[in-house]
Amino acid sequence: MQNNLLEGLKEHENKLLTIWSQILQESGAGDGAMEEEESKEFASLFLSALSKSENAQEFEKVHDLIVGIASSRGKRGFSPRENAEYLISFKQAASQILSELIKDPAQLYEANLKLNEILDNMTIMTFEAFMKGREDIISRQIDEISEISTPVIAVWDGIVALPIIGTLDSSRTQIVMENLLQQIVDTGSSIAILDISGVPAVDSLVAQHLIKTVSATRLMGAECIISGIRPEIAQTVVHLGIDLTGIITKASLASALQTAFDMLQLNVVKRKVIVG
Amino acid sequence: MERIPILKMGQFLLVTIQVDLYDQLAENLESDLINTISKHSSKGVLIDISAVSIIDSFMGRILGNIAVMSKIMDAQTVVVGMQPAVAITLVELGLSLNGVISALNVERGMELLRSKMHNSDNEEPEYDYDNE
């Protein structure tokens, strides 16, 4: 019954499109040719879905389309507000036509109510699509960061180094630990150097993560040296009352490497140049 | 009853755990091992857990117990070949097995035991990186 009321819209598709683009132009939310095509597709699909009554499948197509439009508009730099206005202006155009078609106030009210319900739902969907697009980007970036940010470097036969850059949180510690331990197994290294000169700040949580990593390395049968302790970090650690006495700490990677050489009973000597 | 074989290699005992340990098996291993140490008056125990993929807190405690018990009986315990996942689990459980000495593989573990023997025989201070 209500859909029949809305069905009248189908015959006025062109008029609807004209009014719609007009409103869009006025509000400044327009975007030229590309949008016109999208709008045309949307309007025709929407109206045909309307005429096929309450068929959920038909509306799913419209939903897919509007999600697609929303994310493509999002990529083109539209704000979610503009996306919503895009649909709201369609609603305005449609109700304008409805008020011309239907003379009975009660029926007009019914039809408008129905139209509102359908289109409001779609407006919410555009927001959701926008947010989902953003979240996808964020999660992809997180993956990428965690993947590129924990390289394990074999610096010598039996010595691996792992420079940590950026803040250490639990999930990152997990990745760092896994990578480091796996690398220790793969290379058969007995010493791991953890360089934290790229860690901006050490709080008690980060220190705890470091201690965990060191304990895990020891359990594997390798020794762990923490290097790159800056003066500020040393100060914070002491002020926080964190006990790092069981852990070998060095100020620089160079001195950590020297310690590692000592442990492996290696000696680095300068070659004597024989002149003449 | 299922038992884990304990092999005698000179002064040392070699235990390779090739099945996932359940509690009863671990307890048997503990008592068997201590008895064998006293029987042969062994100086070192090498436990290879490279095939163990799951360790719970109970197992961690048993390992720690074995180390402390053998220490009292004058035998050094070395645990070798711990899987990365196992190490992470133990640390997350808060068991860092402080009394247990670890080595990467059996070869290194044997070397370590020998160097320890050497140390205690000669009473010569030697820098040992696996000692805590």
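A residue counts as buried if 20 or more other C-beta atoms lie within 10 Å of its own, as exposed if 12 or fewer do, and as partly exposed in between, with C-beta atoms placed from the backbone. This is a predicted model: local features need pLDDT of at least 70, side-chain atom pairs count only at pLDDT 80 or more, and totals for chains, interfaces and linings use all residues. Residues are numbered from 1 along each chain as its sequence is written, while chains are lettered from A and ligands numbered from 1 in the order in which they are written.

**View 1. Helix 8 of chain A and its buried residues.** Helices (H or I, at least four residues) and strands (E, at least two) are DSSP runs, numbered from the N terminus. Twelve of the 17 residues of helix 8 are buried, so this helix is largely enclosed by the rest of the structure. Among them are A:Val206, A:His209, A:Leu210 and A:Met220. Just after the helix, A:Gly221 takes a positive phi of about 95 degrees.

**View 2. What covers helix 8 of chain A.** The cover over its buried residues includes helix 7 (170-187) and strand 3 (191-198) of chain A, together with helix 3 (84-92) and strand 5 of chain B. Contact here puts C-beta atoms, placed from the backbone, within 7 Å.

**View 3. The open sheet of chain B.** Five strands are ordered 1-2-3-4-5, with mixed pairing. Strand 1 (6-9) and strand 5 (101-103) are the edges, each pairing on one side only. Strands pair if DSSP finds at least two bridges between them.

**View 4. Strands 1 and 2 of chain B.** They run antiparallel, joined by four bridges. B:Lys8 has B:Leu13 of strand 2 as its bridge partner.

Definitions and conventions
Contact = placed C-beta atoms within 7 Å.
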